[in-house]
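Please read them beside the sequence and the structure.

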Amino acid sequence: MKININKKKLTNKEPTKDITSDDLINKLPLSTSRKKRLVKISNNIIFGGSAIPVIAGPNGVESRDLMFKVAQQLVKNKINIIRGHAYKPLTFPYRSKTYNESKFVGMDIMDEIKNSFRLKVVTEVTEIRFLERITKTADILQIGSRNMQNLELLREVSKTKKPIILKRHFGSSLRDFLGAAEHILVEGNFNLILCERGVSIPHTHRSTSRFALDIQAIPALKEISSFPVISDPSHASFWAPWVPPLTYASIAAGCDGIILEMHPNPKKSLVDPLQPLNFKEFKKVINKSRNLGKIFKRKII
Ligand code: PEP
Ligand code: MN
């Protein structure tokens, strides 16, 4: 995409972590333009409007049985978007004996889900070489926080023209986050959804919680950028009991979507078993969110 930037002004004379008025013009022109951006997934699923779409599912596409059980629950609760990763980066290289990325098999399961339920699919792209297969099935491509500044990946994912969820890295300023977004936008794909998923801070209030949801990032991003901003309380807190209150806080803070990890038997989840909601908890958080949404004139879908 051709944009008019005065390159002489692109200096780093005053490096900063926060966004300056100069950045708005010269470094982040596309991500901070005030043109309101809606991301349309289908006629009734739109991010950035009055509805708040929920994206829910397990961490990984562990099995066909798991994904069918989850899909049934989503339909029961009138939720439209299922998530599950067939490709998945882990923090440490020593995978458990029982956990393997399901890769092509997982993507075929997601295809079956799409054919059996009227659900849209979100899944993560970890490497360019997997993009072709993932793009065939996924309705929304997720770029995980660990890949937020994998610029080559951002560019290639952008070129697919598919809607993209860009997760904020847990150590990144909003300036760096929008800088990464700018790499997607400059390739001409404006179907961009920004996701806050928790940041590293000295105290996370519980030994198993690695991150803290940066609630303030939601209004801050909405003030400066016009792309939809969604919240992922599951990956922020790593702790299922905190997911409902953080979901309500995100809705109150003005988020345009929610990611919730869920599993029929969280203890059996092969990755991050402390974090998914079980089906009963999921139903409860959706019902309460729907009530809360009414106050803000937002419909949880
Ligand atoms: C996920 O969505 O399952 C995930 C790993 O998220 P993040 O990249 O935010 O850690
Ligand atoms: Mn996960």
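1. Helix 9 (residues 243-252) and helix 10 (residues 279-295) have axes that come within 10 Å and cross at roughly 25°. Axes here are lines fitted to C-alpha atoms, for helices over the stretch in contact, and angles run from 0 to 180 degrees between N-to-C directions. Helices (H or I, at least four residues) and strands (E, at least two) are DSSP runs, numbered from the N terminus. Helix 9 and helix 10 are therefore roughly parallel to each other; angles under 35 degrees count as roughly parallel, over 145 as roughly antiparallel, 65 to 115 as roughly perpendicular and the rest as oblique. Helix 9 passes helix 10 in a right-handed crossing, the term for a near helix turned clockwise from the far one by less than a right angle, with anticlockwise giving left-handed.

2. On the helix 9 side the contact is made by P244, T247, Y248 and I251, and on the helix 10 side by K284, V285, K288, S289, L292 and G293. Contact means heavy atoms within 4.5 Å. The residues of this contact of helix 9 with helix 10 divide into five nonpolar, three polar and two charged. In that division Ala, Val, Leu, Ile, Met, Phe, Trp, Tyr, Cys and Pro count as nonpolar, Asp, Glu, Lys and Arg as charged, and the others, Gly among them, as polar.

3. A word on the basis of these values. This is a predicted model, in which local features need pLDDT of at least 70 and side-chain atom pairs count only at pLDDT 80 or more, while totals for chains, interfaces and linings use all residues. Residues are numbered from 1 along each chain as its sequence is written, chains are lettered from A and ligands numbered from 1 in the order in which they are written, and side-chain values use heavy atoms, with hydrogens and water left out.

4. Helix 5 (residues 151-159) packs against helix 6 (residues 174-185) at an angle of about 40°, with the axes 8 Å apart. That makes helix 5 oblique to helix 6. The crossing of helix 5 and helix 6 is right-handed. From helix 5, L151, L154, R155 and S158 meet A180, H183 and I184 of helix 6. The residues of this contact of helix 5 with helix 6 divide into four nonpolar, two polar and one charged.

5. Which protein atoms are donors to the manganese ion (ligand 2)? They are N59 (OD1), H235 (NE2) and E261 (OE), lying 2.1 to 2.2 Å from the ion. Donors are N, O and S atoms within 2.8 Å of the metal (3.2 Å for Na, K and Ca); water is not among the atoms, so sites may look incomplete. In sequence the donor residues are spaced N-x175-H-x25-E. N59 lies in the loop between strand 4 (54-57) and helix 2 (64-76) and H235 in helix 8 (residues 233-237), so the pair ties together parts that are 176 residues apart in sequence.

6. N59 is buried, with a relative accessible area of 1%, and H235 is buried too, with 8%. Buried means under 20% relative accessible area, exposed over 50%, and partly exposed in between (1.4 Å probe, protein chains only).

7. K88 sits in the loop between strand 5 (81-83) and helix 3 (103-116) and is buried, with a relative accessible area of 9%. Not counting residues up to four places away in sequence, K88 touches N59, R95, Y99, E101 and T126. N59 in that list is also one of the manganese donors. K88 and E187 are 99 residues apart in sequence and 25 Å apart in space, C-alpha to C-alpha.

8. Two residues other than glycine have positive phi values and deserve a look. Phi of K78 is near 55°; K78 lies in the loop between helix 2 and strand 5 and counts as exposed at 62% relative accessibility. F238 has a phi of about 60°; F238 is found in the loop between helix 8 and helix 9 and counts as buried at 10% relative accessibility.

9. T32 lies in the loop between helix 1 (21-26) and strand 1 (39-40) and is buried, with a relative accessible area of 9%. Leaving aside neighbours within four places in sequence, T32 is in contact with L24, L178, I224 and S225. The C-alpha atoms of T32 and F227, 195 residues apart along the chain, are separated by 8.5 Å.
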